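Colleague: I have not looked at this one before. Can you walk me through it?

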Amino acid sequence: MRVKLIAFGLGVLALIVLPFPLSDFHTVQLATVGAYFIAILGLDVLTGNSGQISLGHGAFMAVGGYTTAILMSDHGVRDLWTIPIAALVAGAIGVLVGIPALRLSGFYLALATFGIAVVLPTILKKFDGLTGGSTGITLFGKPTQTGHGFQVTILGRHLTNNEWLYALTWTIGVVLFVVVWLLLDSRFGRSLRAVRDSELAAAASGVNRSTYKVAAFGVSAAFAGVGGSLLAINVAYVSPDTFPIQLSLYLLVGAVVGFYGSIWGAIIGALLIQFLPDLVHQVPHIDSKQAGPTTFFFGAVLIVLMLLLPFLLRLGALLTNRGYSRAQ
Amino acid sequence: MANFIQQVVSGLASGGIYGSLALALVLIHRSTGVLNFAQGELATLSAFICWSLIDHGWAFWPAFGATIVLSFLGGAAIQQTLIRPIQDGPVLGVVILTIGLLIAVNGLMTWIWGGAGKQFAGPFSTAPINVGGVAFSKQDIGVIVISLVSVLLIWLLFARTKLGLGLRAAAVNPAEARLTGVRVPMMLAVGWGLAAVLGAVAGVLAAPSLFLEPNMMQTVLLYAFAAAVLGGMDSPIGAVIGGLVLGVLLNLVGTYVHWVGGELRLAVALAVILGVLIVRPAGLFGHTAVRRV
């Protein structure tokens, strides 16, 4: 526990210091990392702890992002205040998905959520009166955008727009991290893991499995909604292409990279989603205008990690000298 | 009325493609209990291989034959190298691995062949033939016939050959199959190989009517899932009938329900998946899995 507190303290310190040596461009990149981080935290709650897979978390991000965009552009709500609303809307939709998901186990759930992520862009295009269709909604320069209608000052210093985005995203990111941490350490988290490891045993111990599984879906989707909302605020634009099926799949890669769904690893996953393209383009002979190599390496990373999983579990069991139940 | 028949005919043609890919999914699901999310991308890869051979001056049929052989070997190799090490672990692990495969193969194809759509000249003419006001092409007929023939071949293989018996035994009870001398790991590899062959057939059939590009089968995969779920995940004949029914249904809904139109066909497929899974999880022809607790 003490190790974790120290790690947490160092992490927060690093987040505060980081923008100073970095350029404005890198600062806003890190803000985007924060949006992915929050969405992956949500996926960790769902897949890592309640054992329900979602290949459609990009869709919940889209719900959050579009909620923010529509409120900002059509209803004059300031970007900041759209974030909790985005969380509520995405969370409510998460609960609606979670209820039929109770009847779907394992890969049927993977299939259904995959379907949602594939279908969502077509639905966004269909209801173009609300969503702007394929063109999407531009938020840049809207009076509701912080930095245009409002000026942010911290300790007498005006923040640049990108600094503000970074501060906003990571403040929310750290707060939500603590929320997840406490949540998973509570009765709620223990019940989720009990249901994950054995529904039968959990039910026999008086855990209402349906309530917990649906609640996990709701919480997880709400997190993704916040992530999507922040992504929309960061890039000041949403369109169906902001939330393609690839985003959902990359979030899963991110969650797996982060120590197979540990909330501490979410940061690694989020960094990977943002910076793997840059990394791949460093490799000689790879054309940096090509999308293919990056996609290939995303998949390769996931395959290698899944192949390593049995060894890592065995290693973990050896090191800690106890059985490791998460594999079951 | 002519329009109605027209929609049914072209629905059957797309349904044949969905059915072939659905059959591939069902084969792997039956023999290993895994849903292969990479099946669509593997089918596209096969189509690209066929296209490359033709591009290098091969005639269609030799190129198609070579593609079938390569796809079989490739499918078996993937099972042996990637799936086998973790197949005894949690099912979700294998599913996530196939998702990795989906992403990697998609990236690889974009890397090699680029993202632009390619014209793929199939063996059948796409020029319309007019019969009593209903227009269809040789391509449409070819797709329906080839998908039905491949189902028949798969059925014969499973029901009438010793290899098929071994495949079924390995799927139903690996432990006892091993005791009676069935080489179970070999059977699983053959299962993946056969699925890759069906995928190749679907990919090559689909390529002339769609443009050949790395994402070609992504939506088709969802239709194939819907077809497989509708027919029952463990029923090969169900997968094909599911595919044909879905193809016709999507066309009719797209034509006669104006609110759906062409754009929401994917949503209809998703509704079919969710509806069947919730109301009748075994599908039309599947068997209800009984779980011992």
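Modeller: Chain A has an accessible surface of about 14,300 Å² (Shrake-Rupley method, 1.4 Å probe), and carbon and sulfur atoms hold 69% of that surface. This is a predicted model, where local features need pLDDT of at least 70, side-chain atom pairs count only at pLDDT 80 or more, and totals for chains, interfaces and linings use all residues. Residues are numbered from 1 along each chain as its sequence is written, chains are lettered from A and ligands numbered from 1 in the order in which they are written, and side-chain values use heavy atoms, with hydrogens and water left out.

Colleague: What share of the residues in chain A is buried?

Modeller: Of its 328 residues, 54% are buried, meaning under 20% relative accessible area with a 1.4 Å probe and protein chains only.

Colleague: And what does chain A span along its principal axes?

Modeller: The C-alpha trace covers about 55 × 45 × 40 Å.

Colleague: How much area is buried between the two chains?

Modeller: About 3,800 Å², with 84% from carbon and sulfur atoms.

Colleague: Where is B:V257?

Modeller: B:V257 sits in the loop between α10 (236–256) and α11 (265–279) of chain B, the helices being DSSP runs of H or I, at least four residues, numbered from the N terminus.

Terms used. Helix = DSSP H or I, 4+ residues; strand = E, 2+ residues; numbered from the N terminus. Buried < 20%, exposed > 50% of the residue type's maximum accessible area, 1.4 Å probe, protein only. Buried area = accessible area lost by both parts, 1.4 Å probe.
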